[in-house]
Every structure is written in structure tokens, then in C-alpha cells.
Amino acid sequence: MIHKIVHIKNLGRYKQFVSSNENWDGVLSKVNAIYADNGSGKTTFTQLIKSLKGDFQRIVKRRSFGVNEKIDVLLIDDNHKQLKFTGSKWNKTINDIEVFDTYYIDSNVYLITLGNLDKRGTFFEIVVGDKGAKIADEIIRLRGLRKKKSQQRRNYKYAIKKTEDEQKIKDLNSKIEKSQNDSAEITKELKKLDNSLVTVAEKFGRTYLDKINEYLKLFNPNIQLTKLNKKGSRFVYYIKIKEFDVRSDSESISLRHTLSEGDKSSLALAFFLARLKIQENLDKKTIIFDDPISSFDSSRRSVTINQLVSLSKRCKQFILLSHDINFVKDFISRSENCKSLKIVYKNSTSAIIPHNIELETMTGIYKDLTVMHNFLEKGETSEFDKREVVRCIRPSVEGMFRLKYFTIFKSDDWLGDMLKSIRESEQNEPLNKLQPILDDLSDINDYSKSYHHSNPNYLEIPLNSEELRNYVNRTIDLIQKI
């Protein structure tokens, strides 16, 4: 479990991210949801966490452009031990991490590759299960031992050629005979283990296939797996798409081109969740989901959230990342004690900050009024906050005019147009009663338009906090009078 992110430097867009008490102390919770715009550093963060399993090249190749310094990352685990990445590797690795991302989808939808035992495919452990993986480890060990025995015999035979000492030759021949007997016993044991691995893998494969189909019924009932067979060094699954049966290695029908993006995502997600479902040590796992709903429609999004919430309760730590703010918001609303964070890019570096997702997903006048109210209650924390507050002044007044006088003002009427209509209104017209506050409205309009994006220099005009507070108070007061 990752307790705290201290800093991330020279990695992708994270050129100089340092957590701080003023912004965010870097402490993660059991359940975390991170919203990020595309290109802000979401994928880099996912690969950073993924690299903790030992694949250091995932981030070595992501060093920030234009920097000469080495990648420097410091995390703290739940035992308050440092996890340091300096230059090219971590000081320690964490095996109990499972990551679902686009790489997982691209690598695992089409074919389950078993490969050689000492060069396992991505899906080896998933297909054979934990018990099968332990058998495979023992097979690898014994194969290595048998290879050493073979090399020993070659060395003994070479030594015999180099000596004429009969006793030494006799001793060496005895060693050769013993080594041959040892190799024969190892070969017998390997045969038993090979047969056992096939049995365990087939049994686990059937269980795994059943779990996959349980999830497919939720995510995509048009797709089901019918069987899983070992073919040489590969496991091939048979998939039914509606009424058509297709093998995952079929040359006549390409799953890569037949399945929609939503189909691929749902199939891969079913693989991933099914594997987690049958793990005995899920409570020790840190689970990362990077955009699990890519190309999903609304019905699949909802059931996915339910599954993720359930999973987040059973694992040790859960981190969801997505560029879909409404998906993140829905996940947070259904979760308990979920920490809401956001990846932003500012001051030439990506940074992770606390996120008021409820506020950001508000729309229109309600959001603008909330931003101004929070400013009056809590003040600003940065220049960026003040710019956001002053931006809300004009649209909140315009929004109130459009709501209350919807038969008079059109959607393309702006505050200047509205003030003109008030000024020119006759005594018996609805807008005429607003003439007593016309001067205040005009003053607010003049103040706020200086900071409007239509002014090419608006970012260069300084903002005084006390002056801004005065105008925000006046704006809220006038809105109540409109």
C-alpha cells in the first residue's frame, strides 16, 4: 500500500511535483479517485505505480523532455518505509499491485500467451492460478538444477581426459554416475510436475472461464466464452459473439477488427475482475484502474461503478483514475470515505491536488454563486483562485437576468445589452424597477469586464483581494435585488 507521495521529479510532465501541507500533504487513503484531463499525466502516474512490480523500463523511458537530471521519485509505504526511484530503478519492489489500463486491454484481449515457463506470457499466472504458478516455479528450479548436473558431468568428463591418475578417474566416474542418477530422478519429478501443472491449469481455467462469463453477463451479454484450450505454448479461448463461435487465434475472423472498442474493454475488464475474484489474498492488493470505462455506454458505466465500489471494499488500497469527471463523481458518491484528487498542469509541472468534484461538476449560475460564496467564507489560496472568482461575477448576474426575465432576454444577450435595456425601459415595463440599482450594476460590469478573456491583457491586470471581496459582496447583494 502506498501511504504517501512525497515527490515526483523529471518524470513525464511531473517535472517538479512536491506534496506540501499548503496544497496537499501527499497522503493517500484506502480508496482514492483521481480526475485528470487528457495529457495532464494520468497514464504516467499509472505506469509509475505499475513499475513498482519490477518493470523499471516503464518509467525510465518517460524522463521529462528537456531535463538533464535523473528521474527522482519518493513514496512512503504503509510501514512508513521509503520507496525511492533514483535514476533507473526502485530501491525495493511491491508484488501485490494489479493494474487495469489500456496496455492491459491491448495485450490481453486477443490471445492468452503461456510462453516458456522461464519467459512467461502476460496471462500465465492468470490462467494457471496461484497453485499452478507455484508448480511452475518448482519446474523452473528443477530444470535449472538438471542443467547444472549436466554441466557437472561435462566438467567431470573433461577432467578425466586431462588425468592419468586411475583413482581420480574412478572417483570422477562415480560422480558422473551419481549425477546421472540425480538427473534421472529430477526428470521423473519434472514429468509428475508437468502433468500436475496441466491438471491444475485446466481445473483453474474452467473456474476462471466461469467467472469471466459472470462478469460478461453484466458488461456485455452478447459475448460469452465457451471453452479454454491449451494449444502448444498458448491458451486459446473460444468466444461466442451472439450466435457465432470464434476462436481467439482464428485467422478467418479477427477479433481485433470484429470487436468494437466497447466489446474489447468489457472483455478485458471481465478477465481482470474474474482473476481478482478468485484470488485468496485480495485484502493485500493495491488495485489501480486507469479509465476502465473506455467506450462504455451509460448502462455499462453504472454496473462498472458498482463492481469497482465492491472491489474497493475488499482490497487493501484502491486507486481509480479517469478523464471522465462524471464517472469519477458517480464513483465517489457511491463509495465510503473516498479521497477525491485531481491531476493539474500548472507552473510547468503536473501536480496532484485535492479536488472539490461537486463544485467542478456544478453548472451555470449555481456554480458561479458557490465559487463566490466559498471565496467570501474561506478566502483564496492562490492567484488562480482569485481569477476564477472574478470570472464568476458577470455570468452570475447575466444568469440571474436570463432566469428571471426569460421572456425578455435571449441567450446571446450579455450584461451590457441588459443594462441598456434597463436604462431605456419605460415606467410600466418590468425592467424599469431595476433602474435604482443601475449604477451599481454598471460599476460591477466595468470592474469585471477588465478581467474578462475578451480583454487581451486580462491576465496581466493585478487583482487586489480586498477590492475583489468588496465586488463579490456587492454582486451577491444585487443578485438578490434583481
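How many bridges pair strand β5 (residues 82-86) with β6, and in which sense? The two strands pair over two bridges, in the antiparallel sense.

## Basis

This is a predicted model, in which local features need pLDDT of at least 70, side-chain atom pairs count only at pLDDT 80 or more, and totals for chains, interfaces and linings use all residues. Residues are numbered from 1 along each chain as its sequence is written, and side-chain values use heavy atoms, without hydrogens and water.

## The sheet

Five strands make an open sheet, ordered β2-β1-β4-β5-β6 with antiparallel pairing. At its edges lie β2 (14-18) and β6 (89-90), each pairing on one side only. Strands are DSSP runs of E with at least two residues, and helices are runs of H or I with at least four, numbered from the N terminus. Two strands pair if DSSP finds at least two bridges between them. F85 stands opposite W90 in β6.

## Residue D413

D413 sits in the loop between α12 (383-404) and α13 (415-423). The D413 side chain does reach the backbone nitrogen of K410, at 2.8 Å.

## Residue N220

N220 lies in the loop between α5 (166-219) and β11 (223-231). N220 is buried, with a relative accessible area of 5%. Its C-alpha atom is 7.9 Å from that of L267, 47 residues apart along the chain.

Methods: A polar contact is a pair of N or O atoms within 3.5 Å; within protein, one must be able to donate a hydrogen and the other to accept it, and residues adjacent in sequence count only if both atoms are side-chain atoms. Buried means under 20% relative accessible area, exposed over 50%, partly exposed in between (1.4 Å probe, protein chains only).
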